[in-house]
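Subject: Structure for your files

Hello,

Here is the structure we spoke about, with notes on what was found in it. Please look at the model first and then read on.

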Amino acid sequence: QVQLVESGGGLVQAGGSLRLSCAASGSILSIVSMGWYRQAPGKQRELVALITSGGTTNYADSVKGRFTINSDNAKNTAYLQMNSLTSEDTAVYHCNTRARVGSILRWDDYWGQGTQVTVSS
């Protein structure tokens with residue numbers, strides 16, 4: 001019903017930058033929010049950044065001031081600009097969208113397969 005295509009992960013040195021993209025497609029009536037979560041080995045998945053359709057953003061404390069999320073609502077695409085990366089940012093980053101599909105009365109969460117971000121120190 002909803003497909004999420006992620007891109008932009010890779011290997012970068014500490015202090016470097018990466019930009020992740022996530023494009024949602026399918027039978028989407030409307031998107032409530034789009035965001036990025038990450039999961040490092042041996043750790044739980046955690047919210048990195050989220051943006052609502054109205055433009056409200058929310059960031060994990062650990063990335064505030066370094067990461068920026070924005071979106072192109074017309075393209076159902078979200079972007080995560082990651083600057084000043086450290087080894088602590090190494091993880092698989094998963095795109096999430098909360099979208100209304102089939103009915104405007106309810107929404108569901110959809111997930112991308114994830115993209116690896118590795119920061120070498």
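**Salt bridges**

R98 counts as partly exposed, at 28% relative accessibility (buried is under 20% relative accessible area, exposed is over 50%, and partly exposed is in between, with a 1.4 Å probe and protein chains only). The side chains of R98 and D109 meet in a salt bridge, at 2.9 Å from N to O. R98 lies in strand β9 and D109 in strand β10 (residues 108-111), so the bridge ties together parts that are 11 residues apart in sequence. A salt bridge here is a side-chain nitrogen of Lys or Arg within 4 Å of a carboxyl oxygen of Asp or Glu. Strands (E, at least two residues) and helices (H or I, at least four) are DSSP runs, numbered from the N terminus.

Before going further, note that this is a predicted model, in which local features need pLDDT of at least 70 and side-chain atom pairs count only at pLDDT 80 or more, while totals for chains, interfaces and linings use all residues. Residues are numbered from 1 along each chain as its sequence is written, and side-chain values use heavy atoms, with hydrogens and water left out.

By the rule above, the count comes to six salt bridges. One of them joins R38 and E46, whose closest N and O atoms are 2.7 Å apart. R38 is buried at 6% relative accessibility, whereas E46 is partly exposed at 36%. Another joins R66 and D89, with 2.8 Å between the closest N and O atoms. This pair links distant parts of the chain: R66 is in the loop between β6 (57-59) and β7, D89 is in the loop between β8 and β9, and they are 23 residues apart. Both ends count as buried, R66 at 17% relative accessibility and D89 at 1%. Salt bridges that share partners join R38, E46, R66 and D89 into one network.

**Disulfide**

The structure holds one disulfide, a pair of cysteine sulfur atoms within 2.5 Å by the cut-off used. C22 is joined to C95, with an S to S distance of 1.9 Å. The link of C22 and C95 is left-handed, with -80° about the S-S bond. C22 sits in strand β3 and C95 in strand β9, 73 residues apart, and the pair links distant parts of the chain. C22 is buried at 0% relative accessibility, and C95 is likewise buried at 0%.

The largest nonpolar core has 32 residues, and W36, V48, F67, L80, M82 and Y93 touch the most other members. Strands that each supply at least two residues of this core include β1 (2-7), β3 (18-26), β4 (30-39), β5 (46-52) and β9 (91-100). A nonpolar core is a set of buried Ala, Val, Leu, Ile, Met, Phe, Trp, Tyr and Cys residues joined through side-chain atoms within 4.5 Å.

An open sheet of four strands has the order β1-β3-β8-β7, with antiparallel pairing (two strands pair if DSSP finds at least two bridges between them). β1 and β7 are the edge strands, each pairing on one side only. β1 and β3 run antiparallel and are joined by six bridges. S7 stands opposite S21 in β3.

**Loop residues**

Which residues other than glycine have a positive phi? N76 has a phi near 50°, and S84 has one of about 50°. N76 lies in the loop between β7 and β8 and is partly exposed at 24% relative accessible area. S84 is found in the loop between β8 and β9, also partly exposed, at 41%.

G16 is placed in the loop between β2 (10-13) and β3 and is buried, with a relative accessible area of 18%. Not counting residues up to four places away in sequence, G16 touches M82, N83, S84 and L85 (contact means heavy atoms within 4.5 Å). The C-alpha atoms of G16 and V92, which are 76 residues apart along the chain, are separated by 17 Å.

Regards
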